[in-house]
Amino acid sequence: MEAAAPYSPVLPADDPHPGQRRAAIERGRVDYQFAQVYGDDDGFRGLSVSARVPPRDDSDLRFLLKTIRVDLRLIFNQHIAGKGAGLELPAASGPAATLTDVLGVARVVGDRNVMFNQPIKAVSRIERSFPENLRGYNGLYARIPKPDIIDRLASGRDRQDEIFAWQRLAGSNPMVLQGIHTIPTPEEAEAQTDALRTAMNRLPKKHWELLAGLLPNEFMPPERTVLPGWFGVTNDHFRSVMGADDSLERAAAERRLYLADYRDVAGLPQGEWKTGELGVSRPKLIYPALALFAWQPPSGPAGSASGSFRAVAIQCDQIGDDLTVFTPSDGVPWEMACMVVQCADANVHEMIYHLGRTHMVMEAVVVACRRSMSPNHPLRILLEPHFVGTLFVNDYATKNLIAPGGQVDQLFASTMAGTLELLGRGAKQLQFRNATPDRDVAHRSVDDRAGLPDYPWRDDAQLVYALTAEWARSYVALYYPTDDAVGDDLELQTFVHAMSDPTEGGLDGVDPVTDRATLGWFIGAIVWTASSGHSALNYSQFPFMGYARNSTGALYAEAPTRNTADIEDCLLEMMPPLHQALLQFNILYQLSNVQSSVLGKYPRGYFIDRRVGPILRRYRRQLSLADRTIVRRDTTRVMPYPYLRPSKTGQSVFI
C-alpha cells in the first residue's frame, strides 16, 4: 500500500513522448472503470465505485501486520474480561476468547477479506444479556485503556451535560451543528408545521425529503438558519438553562444559537434484534431528533474566560404524536433524550459524513484521476500518496462491514437497506464545493467566533487546512505559469469532468477549474478530504463511540415521553445488550487504531523535481508548528481534541 514509483513530472503539452502518454492513460481506463452501487427506485443513480480492485491497490504485508496486532489486543482484552478481570462476559458457548481465536488472526495474511473478522467472531459467543446497571459497560475495558469520556461521564449530571454539548464541537461527529439566526413567530411556526404534516400525509414515502428540503414546499423556510417551526422549544425552556435574562431571539440575533438536526434518519425502516434464549425478534429504534444548543457568555467571577457551550433542549421526534421537549431539569428522561441524539448522531456520522463524504468521495476521485491522467502528470504524482489503500479498504467495507448481515447491519438501527438509504440521502445533499473547512463552516453558519468562541474542530481544521491549501497552491504554481495553462491541460479537464459526470464519478458541486487559484483550491480540497478530513472522523470513533454508555448505533426501547419515569432503569432499557456493545467496541477499536502514514511525510525521494523540496520542507515545518499549537490549545479545552494534529493524521483513506 505505497504510492507508485516516482516519475519525472511533465504536463501533456510538454511531453516529448505523447504516444507513450496516451497508451498509459488507455491502460488506466482499462484497469479503472466506474460502477454504481446503492441506487434506488426513486431516481437516485447510486454511488460511483471502482468496478474492481487492481493488484496495485491491494494491501501490503506491513498494513496487514498492523491489523493483526490490533486484533490480538482485542482478543486478549475479551479473554481477560471473560475471566473475571473486567465484565465477566457471560459466554453462550465456550470461553469468551480462545487460542483458536488467536491463531485464526494469522489467516489474514492469506485472505485479506478476513482482516478484522476474528475478534468479531469471538463476540458471537457472548450471551444476549444486559448489564445490571450502566456502569457494567465499563467492564469492556479489561486490558484496553479507558478513554477520557468514561470518567467525565461519571462526574455527575452537570458534567454529563457539558460533555454531551461538547461532542457537537469536538466529538466523533462535529459536522452537524447549524447556526440559527431566526426564530419563527408562533403563527409562522404553526403554518410550517401544518404544511409539513399535510405534505407528509400526501407523500408518506417522501416525508424525509420534505424535511431535508429536497422536495419543494412553499411553506418550508429555504434558509438553513431558521429554527424549524415544528420544534416546540419555548423561551421558558430556554431560560430554564440559560437564565432569566436571555431569550431565543436574543441568542439568535447574537449568533449564539445552534441546532443539531437529525432529520436525515426520518422514516428509515426499523431493524430487528433477537432477545433471550428463545430469540424473540424486537425492533431497533432511531428517531430524527432536534437538539438545541447555545453559547453562554461569561457571567461574574464564576464564569470561564469565554463562556460555555450549553445543551438547552431536545425534541426526540419531528413528525410523531408525542413531541415533548426535554431540558436538563427533566432528570433521567433528559438523559434518555440525549441518548436518542447520540444514536442518531452515530448513524449520521458513519453513513453520511465518514463513509459518504470521505471514503466514497475519495473512491470517485481515485478512479476519475487514474482514468484521466498519465502517471507522470505533476498533479497525479502529488495525489497518488493520498490515494493509497482507498480502493482496497472500500472494497473490504462493501464485502464485510456494510454487507447484508455484516457489522453495520447488526449494530445500526435500521435494516441494511435503510442504512444504505441513509448513505444515499447524504449523497444527494453532498456539494464538493463545500468540502473544505472554511467553506463548510460558512455554509453551516458556525464561523462567527464572537457567537461561538470555542469550536475545536473548526479552529484546528482551519489551521491545518490553510497549510495544506498553501502547499497545494505552491505546488500548482511550479507547473502552471498562467491561467491559460490550466484551461489548456486536457488531462486535468478530463479529470474534473470525470469527477462530476453522472455516468462516471457523479459528484455534485464540482465547479469548473479554469485558473490557477481554483486549481489550487481543487487540489487542496482533495488532499484535505483524503487526509485530515477523514482522520478527524475516523480516529475519534473509538474514544467516543466505542463506549456504549456514551453512544450506540441503535436504541432498544422507545424514546422518552412526558410520562416516562425518572429512574435509571428506563435509560438502561434503551441501551444495547452486552454482545452488541462489545461488537461496537471491537469494530471501532479496529478502525481507530491502525495508522499507515502521516500527513506531509511523502516517501523518501518521491518527488524527482528538485523544486518541490523547499516548499515541501516548509509545509512540514508548518505542520509541526500547527501540531504544537493544537497541543497547547488542548490544555485549556473541556476535553482534548487531538484528531486534527498533523502527527496523528493519515495521508489517505486507508482504514
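**Notebook: strands, cores and cysteines**

I began at strand β6, where S281 is the bridge partner of K274. Strands and helices here are DSSP runs, E of at least two residues for strands and H or I of at least four for helices, numbered from the N terminus. I noted that the model is predicted, that local features need pLDDT of at least 70 and side-chain atom pairs pLDDT 80 or more, while totals for chains, interfaces and linings use all residues. Residues are numbered from 1 along each chain as its sequence is written, and side-chain values use heavy atoms, with hydrogens and water left out.

**β5 and W273**

I looked up the pairing of β5 with β6 (residues 280–283): it is antiparallel, over four bridges. Two strands count as paired if DSSP finds at least two bridges between them. On β5, W273 and T275 make up the covered face, and E272 and K274 the uncovered one. W273 sits in this strand, which spans residues 272–275, and counts as buried at 5% relative accessibility. Buried means under 20% relative accessible area, exposed over 50%, and partly exposed in between, with a 1.4 Å probe and protein chains only.

Next I listed what W273 touches: F130, V280, S281, R282, P283, K284, Y556 and P577, leaving out residues up to four places away in sequence. Contact means heavy atoms within 4.5 Å. For P283 I also checked the distance: 10 residues from W273 in sequence, 6.3 Å from C-alpha to C-alpha. The W273 side chain reaches the backbone oxygen of P283 at 3.4 Å.

**The five-stranded sheet**

I then traced an open sheet of five strands, ordered β3-β4-β7-β8-β9, with antiparallel pairing. β3 (178–179) and β9 (325–326) are the edge strands; each has a single partner, so one side of each has no neighbour in the sheet. β4 (residues 257–261) pairs with β7 (residues 290–296) over five bridges in the antiparallel sense, and L259 has L292 as its bridge partner in β7.

I checked which helices meet the sheet. Helix α6 (residues 157–170) lies across β4, β7 and β8 (308–315), at about 95° to β8. Helix α11 (residues 332–372) packs on the sheet as well, touching β7, β8 and β9, and its direction makes about 95° with that of β8. Axes are lines fitted to C-alpha atoms, for helices over the stretch in contact, and angles run from 0 to 180 degrees between N-to-C directions.

**Cores**

The largest nonpolar core has 185 residues, and F495 and F522 have the most contacts inside it. α11 gives the most to this core, with 25 residues. Another core, of 21 residues, lies apart from it and includes F231, V241, L292 and A294. A nonpolar core is a set of buried Ala, Val, Leu, Ile, Met, Phe, Trp, Tyr and Cys residues joined through side-chain atoms within 4.5 Å. I recorded the contacts of F495, not counting residues up to four places away in sequence; among them are V365, A368, L383 and F522.

**Loops and cysteines**

Y38 is in the loop between β1 (34–37) and β2 (47–50). S445 is in the loop between α16 (437–443) and α17 (456–479), and is buried at 13% relative accessibility.

I found zero disulfides, a disulfide being a pair of cysteine sulfur atoms within 2.5 Å. The C338 sulfur is 9.0 Å from the closest cysteine sulfur, in C316, which is too far for a bond.

Terms used. Polar contact = N/O pair within 3.5 Å; in protein donor to acceptor, adjacent residues only side chain to side chain.
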